[in-house]
Amino acid sequence: MGGSSSQTGQAGQNAAYRTGLGILTEASDQERAGKIDTIAAAVLLDAEGRVADVMLDEVEISVTGDSTGKVTMPTDDRTKRQKGDDYPLAAVSSLKKGWAEQADAFGSWLEGKTPDEVKKLKTDADGKPTDADLLSGCTIAVDRYRDAVVRACENAQVLGAARGDTVKLGVEVAEMPQGLMGTDDKDAQVQAKITLAVVTMDENARVTSAIGDMTEPELSVSADGTVSAPREPVYTKNELGDRYGMRSASALGKEWYEHSEGWCDYLKGKTRTEIAGIPDDGSDADLAALCTISVTELQKAALAAFAEE
């Protein structure tokens, strides 16, 4: 949707503000155990290209196989931020702070820094920060969070965000199938479908910019329970770009990332309640003109972003 002329003027006035999403996904294996780890960083860069706001989150999914090929997966697919006090960090932390508190302290410490300054953040052999001021509020390993923020800065674009906006990150993990079994004929394929949404909001909690993306890391489990991870990098759908191969099958002649961009444009100016009311069955003609992929998971991730503080 094009928006009003006043919105267009405002976008021009704040053209230097940029919104970015950085995603790092690793799938690893060790004999009969495997792990999927996805770290995400949402950033807002100001008119000088410095970090104005940051939000971080992480998804950890552990998979095991036994000698019969039976696959065991967690039933709790919440992110570290979503788990809150259920993520057992505060009790063992020297700061007595949970994961979100420490991640937010790291984000606050980054504010005002350039992407190059973020990239140069020093960490020790365990990935923990060495800066005394940062250590006063954050003692968790931050090396990969730093790298995700750097990637988000590199990906940042002018999408309509403005001075005074806040950035939020929403993550939606689709329910993973239980009862999978590796057999002699076919390995069990364990795929996580993780949808992410960044939204920037003005003082009235209306969306000024948005980014949607999805990553689908996968592990396989053989008949003897051996877990195997792919050796190639895991790319998101936005990162795959035209390589995703959807354009020829799209009624709009668009790739996945272009459909996602259409969805995100459609969110601008809307509140949480208005986003929750958007039908996901393709019946909204204005949305269908921009995006014809299923928006169910993107919608859930956008709503999750509003819920994060």
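1. Let's start with strands E3 (residues 51-65) and E4, which pair in the antiparallel sense over two bridges. Two strands count as paired if DSSP finds at least two bridges between them. Strands (E, at least two residues) and helices (H or I, at least four) are DSSP runs, numbered from the N terminus. Within this pair, glycine 65 stands opposite valine 71 of E4.

2. A word on the model before going on: it is predicted, so local features need pLDDT of at least 70 and side-chain atom pairs count only at pLDDT 80 or more, while totals for chains, interfaces and linings use all residues. Residues are numbered from 1 along each chain as its sequence is written, and side-chain values use heavy atoms, with hydrogens and water left out.

3. Now step back to the whole sheet. Four strands form an open, antiparallel sheet in the order E1-E2-E3-E4. Strand E1 (18-30) and strand E4 (71-72) are its edges, each pairing on one side only. Helix H6 (residues 143-155) packs on this sheet and touches E1, strand E2 (33-45) and E3. The direction of H6 makes about 135° with that of E1; axes are lines fitted to C-alpha atoms, for helices over the stretch in contact, and angles run from 0 to 180 degrees between N-to-C directions.

4. Stay with H6 for a moment. Its 13 residues should span 18 Å at 1.5 Å a residue, and the end C-alpha atoms are 19 Å apart, which agrees. The expected span is 1.5 Å times one less than the number of residues. Among the buried residues of H6 are Tyr145, Val149 and Cys153. Here, buried means under 20% relative accessible area, exposed over 50%, and partly exposed in between (1.4 Å probe, protein chains only). The buried residues of H6 pack against E1, E2, E3, helix H2 (80-83), helix H3 (99-110) and helix H4 (115-119).

5. Eight bridges join strand E7 (residues 194-201) to E8, and the two run antiparallel. Threonine 195 has methionine 214 in E8 as its bridge partner. Five residues lie between the strands of this hairpin, where alanine 205 takes a positive phi near 60°.

6. How many residues of strand E8 (residues 207-215) are buried? Nine of its nine are, so the strand is mostly covered. Threonine 215 is in E8, and its relative accessible area is 0%. Leaving aside neighbours within four places in sequence, its contacts (heavy atoms within 4.5 Å) include Thr25, Ile194 and Tyr235.

7. The largest nonpolar core has 32 residues, and those with the most contacts inside it are Ile61, Val63, Leu169, Val190 and Leu219. Such a core is a set of buried Ala, Val, Leu, Ile, Met, Phe, Trp, Tyr and Cys residues joined through side-chain atoms within 4.5 Å. E1, E2, E3, strand E5 (166-173), strand E6 (188-191), E7 and strand E9 (218-221) each supply at least two of its residues. Apart from it lies another core, of 26 residues, including Val43 and Cys138.

8. Finally, the cysteines. The structure holds zero disulfides, a disulfide being a pair of cysteine sulfur atoms within 2.5 Å. For cysteine 138, the nearest cysteine sulfur, that of cysteine 153, is 17 Å away.
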